[in-house]
Structure formats: structure tokens, C-alpha cells
Amino acid sequence: MSLDVVILFLEQGIVSGLVIGSIYALLALALVIIFKTSEVPNFAQGEFYMAGAYVALFLVVFENIPTVLALPVTLVVCFLGAALFQKFVLTRVWKAKGSPINLVIATLGLSYLLKGLVRNTGFGDSPRTFPSLVSTDSITIGQASLTYLDATIFCTAVAVMIALFLLFNFTQLGRALRALGMNPKAAQLVGINLSRMNMVVWGLSGAISAAAAILVAPKLLVSADMGHVVIMAFAAAIVGGFASLPGAVVGGFVIGIAENLVGLFVSSQAIAVAPFLAILIVLLIRPQGLLGGRVALKKV
Amino acid sequence: MKTIRTRIAVAAVAIGMTAGFAGAAYADDAPGVTKDSIKIGLFAPISGPNKAYGFDPLNAAKMWYDKINAEGGVNGRKIDYVVEDTRCNANDLVAAVKKLVEQDHVFILNGGSCSSATVAAKDYVVRNNIPMVMLNASGDGALYPPVKQIYGAFSISQHAVGGSVVEFSVQHFKARKIGYINHDDAYGSWNIEAAKYMAKKDGATLDVQSVSPTISDVTAPMLKIKAANPDVLVLTTYARPAALIVKKAHELGFNKPIILAVTGTANLGQMAENVGGKAALQNFYTQEVLAGAPGSEKLQWVYDMYKKAYPKLAAQPDYPQPYMPYGLPPAMAVVRALKEAGQNPTRDKFLDALSHMKFDSKVMAGPIEFSPQDHAAQESTIYLKFDGKTSTLIPGVYTNAWHYGDK
Amino acid sequence: MNRTVPVLGSIAGLLVLLAVGAFSGGYQIYIANLLLVFIVLSLGLHVVIGEAGQFALAHAAFYGIGIYVAALTTNAWGLPFPLPILAAGLVAGLIGIGLGAVALRMRDIYLALATFAFGEAMQWVFSTWTGVTGGPNGLHISPTRVFGITILNDTAAYPLMAALTVLMVVIAVLLSRSRAGRSFRAVRESEVAAVAMGVPVRRTKIAAFAISAAFAGVAGGMFSIFSTYINPDSLGFQTTITVLTMVVVGGLGSIFGAVSGAILFGLASEFLRQAPSYQEIIYGGILMFFMMFAPRGFFSGIADRLEASRRG
């Protein structure tokens with residue numbers, strides 16, 4: 001491989017990696033905010049993302065609602081859906097037997113349910129596209145090429161991340177959520193309404209996933225299996241540090257770039273196994289991830 | 001008290017085991033054949049994510065059998081069919097096959113739209129000498145090496161897909177270097193084997209990128225293809241990855257001809273939408289295994305027959321589905337073999353009739369042809385240039401020349 | 001007394017299965033054989049999750065290892081029973097030791113994720129290592145020879161399958177009543193307390209992984225007795241979840257629960273095959289329902305109620 005090609009591959013790999021990585025980062029954030037407050041790795045996260053895409057698809061393509069109205073409606077629907085799942089299903093599961101395993105299994109059940117529902121409506125049979133709000137003409141950065149859509153995806157995702165950062169650090173709601181993440185019992189003692197906060201967290205996670213889906217749907221198409229990208233989000237969260245929000249963001253970009261570089265320099269076939277290897281390696285060598293601080297105390 | 005329980009338990013086990021051994025399968029040359037009927041076991045994915053591969057082809061097979069019955073049946077017997085759903089996975093297919101054979105006592109099996117699932121039934125079918133005529137599955141894994149009981153590839157084998165598309169690239173585009181993107185699954189391994197052989201034979205080189213069917217970011221494989229600067233790009237992927245690759249090729253400014261194998265052409269209208277319209281399809285070709293372009297008069301009789309048999313389905317949008325016609329040639333072959341097997345059909349007579357069959361189905365690009373060493377029915381393809389709205393036929397029929405054992 | 005009833009109950013249930021199998025057609029026996037494999041798989045998962053409280057999600061990987069080892073030893077060297085199945089259990093168990101050693105430091109959730117990643121990576125290996133596993137084309141499995149008889153169909157395999165299942169249940173019961181079993185449960189309840197009681201926690205955890213993997217490997221060996229073909233598609237997370245559902249439905253933490261969950265859910269799946277478009281919905285619904293209303297499983301709930309009414 002000549003030096004020219006190596007440089008081309010590096011430039012393209014990094015640029016494309018940043019774009020797709022921004023989506024992984026959003027999904028990883030959605031995973032981590034739940035994990036920090038409910039201690040549950042949400043195996044239905046991919047289906048939140050997929051459901052968001054289908055709700056938007058339904059509204060825009062089938063009901064012909066103008067995009068400007070359909071997108072916020074989608075976000076609200078997904079926020080509510082996730083919040084209600086937390087309130088009506090998960091709280092009952094926790095009360096029935098307080099073990100995190102059961103919560104995880106419940107999320108697994110939800111993921112099958114959502115996938116089955118989408119397939120049953122008949123939309124899920126062939127991959128569909130979502131109209132792009134932005135042109136798909138190409139622009140070049142150095143030797144790397146990307147589209148206006150790609151640039152929009154990246155910028156919007158970063159904007160969402162900044163908004164979340166502001167939310168968590170400068171609003172009362174954000175402070176309450178952080179308190180919940182640090183110590184639920186203490187948070188309750190200072191008057192924070194746990195059940196409402198938990199609903200908000202899950203709702204946020206649902207809305208963020210839907211936002212990611214809406215952003216990337218014109219690029220990656222909408223299909224019932226699109227939730228499969230969640231494995232990348234898990235890898236991103238683990239690499240960055242499963243209990244760290246900035247870690248999730250960093251992890252997302254790392255995984256996105258790694259995916260592209262592995263595909264370019266190793267083989268296209270290796271792309272599929274790369275996230276699993278990343279998870280295993282990180283958990284073996286540095287389980288707290290890049291930004292996770294010290295290893296969490298073991299549960300007693 | 002415990003001892004008595006244990007003794008009863010042991011006795012029950014012993015009885016169970018003896019009775020188990022006693023339930024041996026009876027030997028019978030013609031189960032499923034009565035004075036006035038022949039029972040056929042049909043199976044395909046008629047629900048689930050892969051419904052498009054089997055639902056309408058199965059309907060086509062059924063409508064052919066119904067037509068034959070309406071004309072008096074075969075040698076005075078009506079064709080009686082039982083249907084099972086395989087959902088395109090090996091476990092369900094094996095269960096469906098065993099159910100049809102052991103519970104429904106069918107004479108022969110006619111089914112299978114998903115190759116890798118169909119392969120799972122091979123040993124069972126061979127061990128019990130049950131003729132299996134695949135539906136529209138490529139079925140390479142069960143056809144190479146050929147076994148007495150199994151016939152298939154009525155649409156086309158994956159080997160023939162790969163071999164013929166290379167032939168087309170070389171003959172039509174005079175390509176010396178061919179970019180080739182396939183999947184790292186069973187189908188991918190089959191089509192690449194023949195593609196490599198044909199490329200070598202024709203003096204061309206292949207630049208191969210194998211991707212997972214679940215891939216989402218296709219930047220890496222497409223960039224590598226572009227860097228290799230081939231004369232054409234062949235895609236033998238499924239529809240979703242194909243759309244992503246075509247889009248990415250356009251983004252990267254790759255403007256050589258792109259040829260999409262029949263594996264990914266399920267819904268061309270949707271594909272045009274998915275890649276953003278005409279701009280990405282300026283130099284885009286599709287492989288087809290039917291006798292004419294979709295919509296041509298050569299195939300009108302098939303669609304008319306479908307409309308008559310299934311008026312309610314035909315009235316729905318998206319029906320009949322693209323693979324529907326593929327269900328006809330297998331049913332035709334079954335009927336011909338039954339006819340030839342005569343008044344007292346046995347499974348062996350049926351298989352014998354298949355082993356030297358040749359006929360023009362008037363549905364597929366090439367004849368349905370078998371020999372004792374070749375149980376793959378159809379090996380020819382035609383090509384169309386698709387610009388997003390219309391398909392234009394490229395003259396010529398391109399046939400795979402790879403045979404089992406060629407390296 | 002409390003534990004004897006469910007144990008004998010499960011053996012009785014197995015015998016009913018045996019009797020039913022003896023008098024049904026070949027297709028039912030095929031389904032019964034599959035159920036028996038799932039019973040052994042459930043026992044294995046019960047040991048690591050139910051008894052030892054380690055949320056390990058790599059079960060399908062060990063099952064797959066078992067199938068390939070048994071198939072390869074039969075295909076390549078024509079080894080007669082019981083060698084292939086012993087090899088299957090052994091190799092799977094050894095790899096289980098490796099995974100256990102590596103997973104020692106991990107907490108619940110990280111353990112779940114790491115084992116999940118291991119399982120998926122293993123499936124990729126099965127698909128890619130074409131030279132050994134046949135890759136995506138799958139592997140054909142030669143018939144097994146048992147004491148001179150070649151097993152060529154489900155009916156012939158059934159008695160052996162049933163005997164093996166009974167054996168594995170007995171082993172699981174003995175294990176549960178042994179010191180090892182007590183150590184597993186101690187670690188599950190509280191690692192700190194276990195250490196205080198002198199339980200060698202590290203070794204116990206590794207042992208739980210190894211035994212669970214060995215059970216899955218044996219289940220794989222059993223599969224290769226009556227099956228003629230294996231393909232990596234059925235060796236992924238979906239299968240692990242199926243077994244997890246069986247154990248959860250029957251009741252985590254009891255052998256009876258694992259066995260009965262496998263039978264119940266296996267039969268339910270067979271019926272679900274008749275309503276294919278709703279399969280995923282019903283499946284997800286069952287998981288959520290049980291977690292919400294019967295978290296200790298179907299039979300634990302009944303056993304509790306019987307116990308309560310007996311006490312009056």
C-alpha cells in the first residue's frame with residue numbers, strides 16, 4: 001500500500017468515522033444516562049432508535065405531515081413511550097424482585113416486542129428511505145469526501161450533545177438527575193421525586209435515540225433490523241467508560257473511526273467483529289474505560 | 001418409599017426405551033399416493049422478514065398445481081398439497097420437512113426458498129430417499145456435490161449468479177479488472193467461487209471486498225474498490241447494503257458501471273428511492289433471470305394467471321412480488337416428472353424422470369435442464385440498464401460455465 | 001423434603017416425556033429430542049446464573065463449541081459414543097474456565113456485556129473459520145455409533161437422548177447438594193460474606209463458568225447425535241436468550257424450574273410456530289410479563305403457594 005493511499009484512507013476513515021461516530025455517541029449517551037440512574041444496560045436501546053425512525057417515517061411519508069411538525073412530534077412520542085415503559089413495566093419489575101438481571105430481561109422483552117410490532121405493520125419488510133432535508137451533494141475536506149447531509153448529521157449531533165451538557169450542568173432538572181445518578185437514596189432524602197426523575201431519564205433516552213435515528217435515516221435507510229447498530233453504541237459506552245457521559249461521547253467517535261480504519265486497513269470482513277473485540281479488550285485491560293475514573297466498587 | 005418410586009422409574013425408563021426402538025419407520029415406496037391423489041409437501045418462508053423470498057413463489061407453485069388439477073390432474077390423480085412455513089431458518093425448515101414427511105406422509109417435497117436453510121434438510125432427505133425439488137432457492141450447498149434426491153436452482157444457483165455476471169462484465173464491458181462486493185455468508189462464498197473461476201478463464205482479475213449483511217457504514221469497502229480502479233463494479237449483496245453502496249459510490253465520485261446481481265434486485269423502485277434517484281443510477285445495470293424484462297409481453301401470461309388465481313392479492317400494491325414467477329418452473333418440473341413416473345409412481349421413478357429432464361419453462365432466461373451430474377436447473381441471465389424509472393434490455397443471454405469440480 | 005418433591009417431580013416429568021415419545025410419530029420424537037437438548041442447556045444456565053448468580057450470556061457459544069467438537073470428532077475419526085460427547089463437554093468446559101478466569105474481576109453488568117461480546121465474537125469465529133467449522137456453509141454431521149449400532153433417525157436416538165438427559169439432571173442435583181453447590185449459592189448471595197465464611201470465591205466462580213459451559217457442551221454433543229447439520233446462524237445471542245427465557249419462565253434458582261421451563265417454553269415455541277407473524281411479539285410479551293408478575297418463575301410461584309397453603 002503506497003503512502004498516498006495510506007493518507008487517503010486515513011483522511012477518509014477519520015472523516016467518515018467522525019460522522020458515523022457522532023451517531024454512535026448519541027446512542028451511547030442514551031445508554032449511559034439510563035445506566036447511571038437505573039443501573040440497567042438497556043438492551044432495547046436499538047429498538048428505541050428503530051421505533052423513532054419508523055414513527056418519523058410513518059408521519060412524514062405515509063401521513064404526509066410536514067417534516068417541521070413531524071420531527072418534534074416523533075421526539076415527543078418517543079420520550080413518552082420510553083417514560084411510560086419505565087413507569088409501568090420497570091417499576092413493577094423492580095418491585096417484584098429487586099434484581100438488575102430482571103430489569104435487563106424486561107428490556108430484552110421490550111426489544112422483541114417492538115421489533116415484532118414494526119414487522120407486523122408491514123412497513124418493516126423492505127428497507128425504506130427517509131427524505132433528506134439537506135442536499136446529498138458531496139464536498140471534500142482534504143482528500144476525504146462527504147456530503148452536506150453528513151456534515152449536518154455531525155453538527156446536529158454535536159449540538160444535541162452540547163444541549164445535554166447544558167441541561168445536566170446548568171439546570172435544576174439536570175442537577176436533580178445528577179443527584180439521582182450519584183446516590184438515589186440521598187437524592188430522595190433531599191426531596192427529589194425519584195419516580196418522576198426516572199421517567200424523565202428514560203424519556204430523554206428515548207428522545208435522544210429517536211433524534212439519532214431521524215438524523216441518520218436518510219443516510220443509512222430505515223429497516224426493522226436497524227437497531228443492530230446499538231452494539232456499536234455499547235462498544236462506545238464501554239470504551240469511553242460506561243458511567244461517564246463525556247466518556248460516551250469520546251467512545252462514540254473512537255468506535256466510529258476504528259470501524260472505518262479496521263475496514264480500510266484490515267479487511268471489510270473484520271468490521272463486523274471489531275466492536276465485540278473492542279468490548280472484550282477494554283473490559284479486560286481497563287474495565288472503567290478511557291474516562292471512567294477508578295473502577296467502581298464491587299457490589300456487596 | 002423412595003425405593004418403590006425408584007423402581008417404578010426404572011421400569012418406566014425400560015419400557016420407554018423398548019417402545020422407542022419399536023417405533024421404526026416403515027419402508028414404503030409410495031406414501032402419499034392413493035388411487036386418485038398424490039400428496040405433495042410444500043414449504044417456504046411465508047411470514048417473517050424473509051417473506052418476500054417465499055410467499056409469492058409459493059403462490060405461483062400452488063396456482064400451477066391448481067391449473068393442472070383443473071385440467072384433470074396427473075395420470076388421473078389430483079395433486080393434493082400441504083403447506084408449511086419455514087421462516088427462512090434451518091431449524092424451522094428441518095421441523096417443517098420432518099412434519100410433512102412423517103406426519104403428513106407426503107410423496108415428495110417441493111419447497112425451499114432460502115438456500116442455507118434448505119441445506120439443513122439434505123442429510124435427512126437423502127437418508128430417507130425422499131425426492132426434494134426446491135422452490136426458488138439457489139440451494140448450492142445441497143446441489144454441489146449432487147445427490148440423487150435433490151434438485152434445485154430453478155431461479156438460478158449462486159454459483160451461476162457469480163459466474164454469469166463475470167461473463168457479462170467481460171463480454172459486454174470488455175472489463176479486465178472487476179470490483180466485486182459480496183457477503184461473507186454462505187451465498188457469498190458460493191457466488192465468489194464461480195466468479196473467480198470465470199474471471200480466470202476469461203483472463204480478468206477480481207478485487208473482492210466481503211462485507212457482513214448487517215453492515216451500516218460502507219465507506220471502507222467502497223473506498224477500497226475505488227482505490228483499486230476497476231473497470232466495473234459487481235454487487236452480489238442484498239438490497240439494503242446494495243443501496244448503501246450505490247449511494248456511497250456516487251458520493252465518492254465512482255462512475256464506472258455498477259452491476260447488481262439478482263440477489264439484490266427485489267424491489268427496484270424502492271432502491272431508486274433509497275439511493276436518491278437518477279443521479280446515482282447513471283451507469284447502473286441489473287441482472288435478471290426471467291425470460292424478459294419485468295413488464296415485457298413474454299411474461300404477461302404469468303401475471304395474468306396470477307391475477308386470475310389471486311384477485312384480492314393482485315389488487316394490493318406491491319403484489320405480485322418480484323420473485324413470484326420463480327415458483328412456476330419447479331411446479332412444472334414436478335408435474336412433468338409425475339407424468340413420466342406413470343400410473344404406478346414410486347419415488348425412484350420420479351427421481352429418474354427428473355434426472356434427464358429438459359424443457360423451456362417460458363418463464364426463465366434459460367432452459368430448465370438436468371443431467372445425472374448436474375441438478376441445478378437454470379444457469380442463464382439477462383441484463384438491463386436501470387436509470388431509476390425504466391429498464392432497458394441489453395441484448396444477449398449470458399450463461400455460467402462453472403461446473404462442480406472446476407477450480 | 002422441600003427439595004425432594006421438585007426433583008422427583010422433574011424426573012417424573014421426564015419420564016412422562018419418555019413415554020409420550022415412545023408412542024408418537026417421528027416428528028414428535030424430533031421435537032422431543034430438541035426439548036431434551038434444551039433441558040440440558042437450561043440446566044447449564046441455571047448453574048451459572050441461578051446457583052452462582054453470575055450473569056453469563058455466552059451460553060450459545062459453548063453449545064456451539066460442543067456441537068462442532070462432537071461433529072468433528074465423529075466426522076474425522078469416526079469416534080464412537082461416548083467419546084464425541086465427552087470431548088464436547090471437556091473442550092467447552094476448558095474454554096469456560098478461561099472465560100471464567102477472565103471474568104473474575106467484573107461486576108454484574110460488565111460481566112453480562114463481556115460474556116455477550118464473547119458469545120458474538122465466537123459466532124463470528126464459527127462463521128469465518130471455514131477450514132474447521134465449514135464456515136457459513138455449515139457442517140454436516142456423520143451418524144453416531146453407539147455400542148455398534150449406527151443412529152440414523154430421531155426415533156433411534158431418543159432412548160439415548162433421554163438417558164443422557166436424566167443423567168445430567170442427576171448430576172445437577174448432586175452438584176446442587178454438594179459443597180460446590182453451597183459455595184455457588186454463598187457467592188450469589190454475598191461475595192463478602194462468602195469470603196468471610198472461607199469460601200474460595202475466585203475458584204468457585206471459575207468452577208461455575210466451567211460447569212455451565214460443560215453442560216452446554218454436552219447439550220451440543222447431544223444435538224449432534226440426532227442432527228445431521230449445524231449452521232452458525234443458530235449459535236448466536238438469540239439462542240442464549242431462548243435458554244434464558246426458559247430458565248426465567250420456569251424459575252431461576254431451582255433445577256425443577258430449569259427443567260420445567262425448558263419443557264413448557266419449548267412446547268410453547270412449537271405452538272408459536274403456528275402463528276409466525278406474532279412470534280416475536282408474544283415472545284417479548286412473555287418475557288416482560290414474567291419479569292413483572294412472576295419473577296421467580298412459573299413453578300416457583302406455584303410451589304410457594306402450595307407451601308403456603310400446606311402450612312395453613
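How many residues of chain A are in contact with how many residues of chain C? The first legend gives the numbers. The model is predicted: local features need pLDDT of at least 70, side-chain atom pairs count only at pLDDT 80 or more, and totals for chains, interfaces and linings use all residues. Residues are numbered from 1 along each chain as its sequence is written, chains are lettered from A and ligands numbered from 1 in the order in which they are written, and side-chain values use heavy atoms, with hydrogens and water left out.

**View 1. The interface of chain A with chain C.**
Here 46 residues of chain A are in contact with 42 residues of chain C, contact being heavy atoms within 4.5 Å. The two chains bury about 4,100 Å² between them, and 75% of that area is on carbon and sulfur atoms; buried area is the accessible area (1.4 Å probe) that two parts lose on being put together, summed over both. Between chain A and chain C the count of salt bridges is zero, a salt bridge being a side-chain nitrogen of Lys or Arg within 4 Å of a carboxyl oxygen of Asp or Glu. One residue pair, both at pLDDT 80 or more, is in polar contact between chain A and chain C. A polar contact is a pair of N or O atoms within 3.5 Å; within protein, one must be able to donate a hydrogen and the other to accept it, and residues adjacent in sequence count only if both atoms are side-chain atoms. On the side of chain A that touches chain C, at least two residues each come from helix H3 (67–96), helix H4 (100–120), helix H9 (230–240) and helix H11 (274–285) of chain A. Helices (H or I, at least four residues) and strands (E, at least two) are DSSP runs, numbered from the N terminus. H4(A) supplies the largest share of this side, 16 residues. By class, the side of chain A that touches chain C has 34 nonpolar, five polar and seven charged residues. Ala, Val, Leu, Ile, Met, Phe, Trp, Tyr, Cys and Pro count as nonpolar, Asp, Glu, Lys and Arg as charged, and the others, Gly among them, as polar.

**View 2. The interface of chain A with chain B.**
Contacts link 32 residues of chain A to 27 residues of chain B. Chain A and chain B bury about 2,500 Å² between them, 56% of it on carbon and sulfur atoms. There are zero salt bridges between chain A and chain B, and ten residue pairs (both at pLDDT 80 or more) are in polar contact. Helix H1 (3–38), strand S2 (144–147), helix H8 (194–220) and helix H10 (245–266) of chain A each give at least two residues to the side of chain A that touches chain B. H1(A) gives the most, with six residues. This side divides into 13 nonpolar, 14 polar and five charged residues.

**View 3. The seven-stranded sheet of chain B.**
The strands of this open sheet follow the order S7-S6-S8-S9-S10-S13-S14 (chain B), with mixed pairing; two strands pair if DSSP finds at least two bridges between them. Strand S7 (205–211) and strand S14 (391–399) of chain B are the edge strands, each pairing on one side only. From one strand to the next the twist averages 25°. Strand S13 (residues 380–386) of chain B runs antiparallel to S14(B), joined by six bridges, and B:Lys385 stands opposite B:Thr392 in S14(B). Helix H8 (residues 186–202) of chain B packs on the sheet and touches strand S6 (177–183), S7 and S14 of chain B; its direction makes about 165° with that of S6(B). Axes are lines fitted to C-alpha atoms, for helices over the stretch in contact, and angles run from 0 to 180 degrees between N-to-C directions. Helix H10 (residues 239–251) of chain B lies across S6, strand S8 (232–235), strand S9 (258–260) and strand S10 (284–288) of chain B, at about 160° to S8(B).

**View 4. The five-stranded sheet of chain B.**
This open sheet has the order S2-S1-S3-S4-S5 (chain B) and parallel pairing. Its edge strands are strand S2 (78–85) and S5 of chain B. Two bridges pair strand S4 (residues 132–133) of chain B with S5(B) in the parallel sense, and B:Val133 stands opposite B:Tyr151 in S5(B).

**View 5. Backbone details in loops.**
The peptide bond between B:Tyr144 and B:Pro145 is cis, with omega about 0°. B:Pro145 lies in the loop between helix H6 (140–143) and strand S5 (150–151) of chain B. B:Lys174 has a positive phi of about 55° although it is not a glycine.
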